[in-house]
Amino acid sequence: MKTIDSQQTTHGTEEQSSQALTYVSYLRLEDLLRLQVPKSPGPEHDELLFIVIHQVYELWFKVLLHEFDYLKTHFQNKDNPHIEHTANRILKILKTVVAQIDVLETMTPLEFNAFRGLLGSSSGFQSIQFREIEFLLGHKRSAILRHYPADFPGRDRLEQRFYAPGLWDAFLHYLHQNGYPVPESLLNRDVTQPLEPSEELQRILIDVYRQNPSVQNVCELLLDIDEGLQEWRYRHVKMVERTIGSKPGTGGSTGARYLATTLKPVFPDLWAIRSSL
């Protein structure tokens, strides 16, 4: 009986060992490495780079959304140390996604055009997660939703972001919790509308900068995030100009010309007060 128990125990241990978590299984690497499927015959050498770069962008967008939501929670809790820590992590990620453009720019126009025609109507314009980031940062346009049919993957998430308060709304309530007289019209604004500058809020922010170093630092981190996003947009515009010139985008947009119109701040009040400090 002891022998049988011993054998069963040994067998059980071996079975558990064979199912032990590994680097490969934890990261699901076999699944991950099968996701790069070029469309070009051959395939063209640079198509793998193109696919990987954009898949990695989507992974970073997923992390950014995760961190922005976390930052909103810290604003609600008036938790300055974690606000600063999370904001700094977001800034590091933004620097990383900007740096990836350096890699993408090693691909020449001829190398890209060798497979560009096979991309059909697919375009970065269709990135649901980047639209989620825009909505979360207050850059909301109801017209954007019309580009994504009800059955488009992720459309439900984008719609939730459209109707939910964004990061700036959480920041306004954070200011209110810190004793600043943020107008009710801003605290209870229609969150489906894009952010608009407010002279009344700007006067409050000027007071913050002059009297409250801790909250001022939070404001500067938000400005850094805004600037980081604009840096990514600018580098994206120049990369597209460098690669396809003035050609239209694969998704039907005007390409670089359209992207240039997106180079604007998401937190206009933080920029407006600079000349008054």
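This is a predicted model: local features need pLDDT of at least 70, side-chain atom pairs count only at pLDDT 80 or more; totals for chains, interfaces and linings use all residues.
Colleague: What links the side chains of Arg89 and Glu67?

Modeller: They meet in a salt bridge, with N and O 3.2 Å apart. Arg89 belongs to helix α5 and Glu67 to helix α4, so that the pair links distant parts of the chain, 22 residues apart.

Colleague: How many salt bridges does the whole structure contain?

Modeller: A search finds 17. In another, Glu132 pairs with Arg157, the closest N and O atoms being 3.1 Å apart. Because Glu132 lies in helix α7 and Arg157 in helix α9, this pair ties together parts that are 25 residues apart in sequence. Glu132 is buried at 3% relative accessible area, while Arg157 is partly exposed at 36%. Both residues belong to a network of salt bridges that also includes Asp69 and Arg161.

Colleague: How are two packed helices described?

Modeller: One gives the angle between their axes and the distance between those axes. For α7 and α9, the angle is about 5° and the axes are 9 Å apart. An angle under 35 degrees counts as roughly parallel, and α7 and α9 are therefore roughly parallel to each other.

Colleague: Which kinds of residue form the contact of α7 with α9?

Modeller: There are 5 nonpolar, 1 polar and 5 charged residues in that contact. Among them are Ile128 and Phe135 in α7, and Leu158 and Phe162 in α9.

How values were computed:
Residues are numbered from 1 along each chain as its sequence is written. Side-chain values use heavy atoms; hydrogens and water are left out. Axes are lines fitted to C-alpha atoms, for helices over the stretch in contact, and angles run from 0 to 180 degrees between N-to-C directions. Helices (H or I, at least four residues) and strands (E, at least two) are DSSP runs, numbered from the N terminus. Angles under 35 degrees count as roughly parallel, over 145 as roughly antiparallel, 65 to 115 as roughly perpendicular and the rest as oblique. Contact means heavy atoms within 4.5 Å. Ala, Val, Leu, Ile, Met, Phe, Trp, Tyr, Cys and Pro count as nonpolar, Asp, Glu, Lys and Arg as charged, and the others, Gly among them, as polar. A salt bridge is a side-chain nitrogen of Lys or Arg within 4 Å of a carboxyl oxygen of Asp or Glu. Buried means under 20% relative accessible area, exposed over 50%, partly exposed in between (1.4 Å probe, protein chains only).
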